[in-house]
Amino acid sequence: MTAADFARLEQWFSQFTAGFADLDPEGLRNIRLKEEHTRRVVACMAEIDAGEGLDAPQTLKALSIALLHDVGRFPQYRRWRTFRDSESDNHARLSVEVIRKERLLSFLSEEEQLEIEEAVRFHNLLELPQRFASSSDRFTRLIRDADKLDIWWVFLEYYRQPQEERASAVGLGFPDLPEVTPACLDALAAGEVVRLEQARVLNDFKLLQISWVYDLNFSTTRCLLRERAYLEQLAATLPDSSQVQAAVRRAVTSLEVV
Ligand SMILES: [Fe+2]
């Protein structure tokens, strides 16, 4: 992978996303959100790559994965008007479909294509899969970390905005009620990743996002997360109960043990 290859993919991405400009204002806002998310995930990926000492060709491959990981979001939103996979289709699978249909990686060897497709395909799984067809799971672990770093940012922005200006699809439609669901709180308190199926209200979704700290792969990501204090900021939007705050404290403390 060369810098010119990556530049071509970037150009393709700009044209591809411009193809959704005909949506209504709410749709446009949601589409723009994913476009900007993608660009920031590329930036997060560059930071993690630098911290982890990837060489130039590996960095370009990782940046390409970041650029392509969510391309399925665009057809998903056009067709179903939601980013909720359970109400539409797995967006990672859709991303691979777009990559193949558009023949974006045909200039690479089969092994490299497989590596990139696997990283895209697995970026949103609850857990890393046991088996990989390609020789390394490194890129899957990288995109999972880079994606999380930006999703934390997206949600903090979302909570900062007045309700009427929020891009509707970000909160996945969870009602913003004052409670938390015990199963979600228990999972976080036990140092586990909260499952999306257990989440019923927006606060559960926040607990889920805090629990991602237990699913990070690289010390550079932990470092960046500490620096940016996303967990503390998320915690500040949660109910001030001692159980909630204790579970959050455990998550924050886990970042210090590297
Ligand atoms: Fe995604």
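## What covers helix α8

Among the elements that cover the buried residues of helix α8 are α9 (202-211) and α12 (242-256), where helices are DSSP runs (H or I, at least four residues) numbered from the N terminus. The helix α8 itself spans residues 182-189, and its buried residues are C184, L185, A187 and L188; buried means under 20% relative accessible area, exposed means over 50%, and partly exposed lies in between (1.4 Å probe, protein chains only). After α8 comes G191, whose phi is positive, near 75°.

This is a predicted model, in which local features need pLDDT of at least 70 and side-chain atom pairs count only at pLDDT 80 or more, while totals for chains, interfaces and linings use all residues. Residues are numbered from 1 along each chain as its sequence is written, and side-chain values use heavy atoms, with hydrogens and water left out.

The chain is divided into domain 1 (3-146) and domain 2 (174-256), with bounds that come from an automatic or database domain assignment. The C-alpha centres of the two domains lie 25 Å apart, and 13 residues of domain 1 are in contact with 13 residues of domain 2, where contact means heavy atoms within 4.5 Å. Between them the domains bury about 1200 Å², 49% of it on carbon and sulfur atoms; buried area is the accessible area (1.4 Å probe) that two parts lose on being put together, summed over both. In domain 1, the residues that lose the most area to domain 2 are E52, L126 and D145, which together make up 46% of what that side buries.

Across this interface the rule finds two salt bridges, a salt bridge being a side-chain nitrogen of Lys or Arg within 4 Å of a carboxyl oxygen of Asp or Glu. On the side of domain 1 that touches domain 2, the elements that give two or more residues are α2 (25-52) and α7 (138-160). The side chains of E47 and R228 meet in a salt bridge, with a distance of 2.6 Å from N to O.

## Salt bridges through the structure

Side chains of opposite charge can pair when their charged atoms come close. A search of the whole structure finds 17 salt bridges. In one of them, E112 pairs with K61, and the closest N and O atoms are 3.5 Å apart. Because E112 lies in helix α6 (residues 110-122) and K61 in helix α3 (residues 56-68), this pair ties together parts that are 51 residues apart in sequence. K61 is buried, with a relative accessible area of 9%, and K61, E112 and E115 are linked in a network of salt bridges.

Another salt bridge joins K148 to D215, with the closest N and O atoms 3.2 Å apart. K148 lies in helix α7 and D215 in the loop between α9 and α10 (219-228), so the pair ties together parts that are 67 residues apart in sequence. Both K148 and D215 are buried. The side chains of D137 and R141 also meet in a salt bridge, at 3.2 Å from N to O; D137 is partly exposed, with a relative accessible area of 27%, and R141 counts as partly exposed at 22% relative accessibility.
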